[in-house]
Amino acid sequence: MYMIDIEALLDGTALTFADDSKLWKAINSINDRDELQQCLQQFVFWASNNNMVLHQDKFEVINYTLRKTQLLRELPFSAENYLYCGPDGESISPSDTVRDLGVTLSSDCSWSEHLANIAGKARRMSGWALSVFRDRSNETMLTLLKTIIRPQVEYCCPLWSPIKKSEIALVEEAQRQFSRRIASCSVMQYWQRLEHLKILSLQRRRERY
């Protein structure tokens, strides 16, 4: 579907990618909130004119607040100031996290939930691979590591690359545990396994690439 005209219609407050669309605006006053609601209504009207059906349960709102103390002092914030109405006229309540193109965004501007999600996916994928493939040779295991384990914890990593030691270790654990199951280096330390297999740690890969 041709959607580029929606960005022109909403004058810079819309971003689209394939069938995914986002509306955004800096909210410095109640009027800004009302203008964003008007943009949402224009989007709904545009969709109706183009015979597009919008599902209320697909709409999500996430708020990022800067200088929170100052804003609370200057504006009469209440629960209704965070609410917007969707295509069915029902309120869209703010969410603490939303998933955007495979990345979990949090309203507190941290990546903790996203990192926990991808680490969990890597563990599940690792468990599945080890239960299906019995061969523990270097070639087979490295192929599995590079094709189905690493992608789980490297997708879009320039955006969320962790800086806390605990989060770096959490992401690294996927490769650390999987490499331990390789027959030729099961008794080696992690850094020895990296040298033996001639691969880089996930942290080093993020820093290098």
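Residues are numbered from 1 along each chain as its sequence is written, and side-chain values use heavy atoms, with hydrogens and water left out. Since the model is predicted, local features need pLDDT of at least 70 and side-chain atom pairs count only at pLDDT 80 or more, while totals for chains, interfaces and linings use all residues.

Let's begin with the whole protein. Its secondary structure comes to 9 helices and 6 strands; helices (H or I, at least four residues) and strands (E, at least two) are DSSP runs, numbered from the N terminus. Of the 209 residues, 33% count as buried, where buried means under 20% relative accessible area, exposed over 50%, and partly exposed in between (1.4 Å probe, protein chains only). The protein exposes about 13,500 Å², and carbon and sulfur atoms supply 52% of that area; accessible areas come from the Shrake-Rupley method with a 1.4 Å probe, and for residues only the protein chains shown count as cover. As for contacts (heavy atoms within 4.5 Å), 55% of those between residues at least 6 apart in sequence join residues at least 24 apart.

Helix α2 covers residues 30–49, and its 20 residues reach 29 Å from first C-alpha to last, close to the 28 Å expected at 1.5 Å a residue. The expected span is 1.5 Å times one less than the number of residues. The buried residues in α2 are D32, R33, L36, Q37, C39, L40, F43, W46 and A47. An α-helix has 3.6 residues a turn, so residues three or four places apart point the same way. Just after α2, N51 takes a positive phi of about 60°.

Helix α4 (residues 112–132) has 21 residues, which should span 30 Å at 1.5 Å a residue, and its end C-alpha atoms are 31 Å apart, which agrees. Buried in α4 are H114, L115, I118, A119, G120, A122, S126, A129 and L130. What do the buried residues of α4 pack against? Their partners are β6 (103–106), α5 (138–154), α6 (157–160) and α7 (165–180).

Two loops around these elements deserve a look at their backbone angles. C109, in the loop between β6 and α4, has a positive phi of about 65° although it is not a glycine. C156 is found in the loop between α5 and α6, and its phi is also positive, near 60°, in a residue other than glycine. At 33% relative accessibility, C156 counts as partly exposed.

Turning to side chains, the structure holds 2 aromatic pairs. Rings of Phe, Tyr and Trp (its six-membered ring) pair if their centres lie within 6.5 Å; planes under 30 degrees apart count as stacked, over 60 as edge-to-face and the rest as tilted. W128 is partly exposed at 45% relative accessible area, and F133 is partly exposed at 33%.

Is I199 buried or exposed? At 10% relative accessibility, I199 counts as buried. Leaving aside residues up to four places away in sequence, I199 touches L142, L145, K146, R150, Q175 and L194. The C-alpha atoms of I199 and L142 are separated by 9.3 Å, although these residues are 57 apart along the chain.

Finally, the structure holds 5 salt bridges, each a side-chain nitrogen of Lys or Arg within 4 Å of a carboxyl oxygen of Asp or Glu. One joins the side chains of K22 and D100 (3.4 Å, N to O). K22 lies in strand β2 (residues 20–23) and D100 in strand β5, so the pair ties together parts that are 78 residues apart in sequence. K22 is partly exposed at 28%, whereas D100 is buried at 19%. Another salt bridge joins E154 and R205 (2.7 Å, N to O). This pair links distant parts of the chain, with E154 in helix α5 and R205 in helix α9, 51 residues apart. E154 counts as buried at 18% relative accessibility, and R205 as partly exposed at 22%.
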